[in-house]
Amino acid sequence: MSPADSHNQLLIDRVHPQDWINPEPADCYDLVVIGAGTAGLVVAAGATGLGLGLKVALIEKQLMGGDCLNFGCVPSKALIRSSRVIGELQRANTLGIQVAPEAIAVDFAAVMERLRKVRAGMSVHDSAQRFQALGVDVFLGQACFCDRNTIQVGEATLKFRKAVIATGARATYPNIGGLEASGFLTNETVFSLSNCPRRLAVIGGGPIGCELAQASQRLGSQVTLFQRRSQLLPKEDFEAAEVIQNQLRADGVQVCLSAEITRIERTASGKLITFRQEGRESVLEVDEILVGTGRSPNVQDLNLEAVGVDYDSVHGVKVNDYLQTTNPKIYAAGDVCSPWKFTHAADAAARIVIKNALFSPFGLGKSKVSDLIIPRVTFTDPEVAHVGLSETAARHQGIAIATITIPLDQVDRTVLDGETAGFIRIHHQPNSDKILGATIVAPHAGEMISEVTTAIANHLGLNALSGVIHPYPTQAEGIKKAADAYRRILLTPTTKQLLQLLQKLS
């Protein structure tokens, strides 16, 4: 882990101690978990914490905490927090606070040191020592299935009754001529930087690309963002993506849509990127390239064939709705098998595995992945949060929806905050208050989406949300405005005439 400072040393001491001695294996484990990312940690801690005396082993070949702690959510959000301060300062003049652009000085090395310090501090929750104290046998090393009830890790052989594959996923990169030879960054290496790249190219306009492009631009890089498609954030509806696209450009990011990079070449002064856009070929020189184009499941070196677990290199381990693999004694959870590569989705999947692997054999029921209501958030500024059905998905599936949109300039708190770029959009069943999905584009959309997620998960409709008292003034009050708008739809001309008649009779 670079740089080798005290913060990273503390991190390593916790998540992959160099002096760690693997324990003597038990005669047989009730559960062996391969992978100590979010899914694996939740399964191991949950199974041990049941108080049933289960013998649980946890195997990790790299860093405990997985991507979330080491290369994902934790470091990226620490970086974004610093960049948001810059965004606030840049908009300060609109609030009557005079801040000269030349007065804003970014100490990039200090920003990155804070990131490492925060990450190291949080690592105690995922540490080998903590899980050992919980009663989990922690093994550091490469796991490999030997036969249907045996796993090899280093010199140790672990026998198991049930096993869980939670090995996560890794960053991938596109097949562009010269990219590998020129060198590039991914989310697994970008947080090791100590100096801010003066010119940075970001390849990929998904959540990772957009988040890090905006943060890097605000922290001092001149960023060019390349996206092969015609819009950023392709999983989001166009209007949501357009807000982010406009904000990135306002921040100074050069956004290149429908751009195909044809080759990359390293030179004495930087890296030359040749790309085609709208039929024209252009060349751009940068100092660093950051690739954020996707992730691939970690299925290699596990010898899954030996235990009859089907998988492929694109979708990962194949599981059924109960997260069982093609070997009924082996389950999988998290990025290695899920299309939802989010920490919170891995956490939810891990809880399903605990219930299904340990309790369903006793007739206590099974939990299904298909029952989960999983929100997602892109942590740009403003944020984009979504849950349930989108307008695009509804159109492709031929599902009729009705839509209510509340622009942020109709929400008093966002007007007061000067943060009116965005909207709250709720899709519901026609002629019904049943909520089918929602998209929120707002500074705190990630916090706000949970109210709608709770409503969908508990079968609460717009009428119920309309009856909830929201503190004034808050940005979440926009959700109530959307619900109130639905109730006004119910006041048809006929209904109004009937109510007027009743008033006269009263």
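**Entry 1: strand E9**

Buried stands for under 20% relative accessible area, exposed for over 50% and partly exposed for values in between, with a 1.4 Å probe and protein chains only. Strands (E, at least two residues) and helices (H or I, at least four) are DSSP runs, numbered from the N terminus.

I note that the model is predicted: local features need pLDDT of at least 70, side-chain atom pairs count only at pLDDT 80 or more, and totals for chains, interfaces and linings use all residues. Residues are numbered from 1 along each chain as its sequence is written, and side-chain values use heavy atoms, with hydrogens and water left out.

**Entry 2: neighbours of E9**

I then asked which strands pair with E9. Strand E8 (residues 199–203) pairs with E9 in the parallel sense over five bridges; pairing requires that DSSP finds at least two bridges between two strands. Leu200 has Val223 in E9 as its bridge partner. Strand E10 (residues 254–256) also runs parallel to E9, joined by three bridges, and there Leu225 is partnered by Val255.

I recorded two right-handed β-α-β units: E8, helix H8 (residues 207–218) and E9; and E9, helix H9 (residues 238–251) and E10. A crossover is right-handed if, with the strands pointing away from the viewer, the path from the first strand over the helix to the second runs clockwise.

**Entry 3: a five-stranded sheet**

I traced an open sheet with antiparallel pairing in the order E19-E20-E23-E22-E21. Its edge strands, each pairing on one side only, are E19 (376–378) and E21 (402–407). Within the sheet, strand E20 (residues 383–388) and strand E23 (residues 435–442) share six antiparallel bridges, and Ala385 has Ile440 as its bridge partner in E23.

**Entry 4: aromatic pairs**

I found four aromatic pairs in the structure. Rings of Phe, Tyr and Trp (its six-membered ring) pair if their centres lie within 6.5 Å; planes under 30 degrees apart count as stacked, over 60 as edge-to-face and the rest as tilted. Tyr29 and Phe139 have ring centres 6.5 Å apart and planes at 90 degrees, so this pair is edge-to-face. The two residues are 110 residues apart, Tyr29 in strand E1 (residues 29–34) and Phe139 in strand E3 (residues 137–140). Tyr29 is buried, at a relative accessible area of 0%, and Phe139 is buried with 0%.
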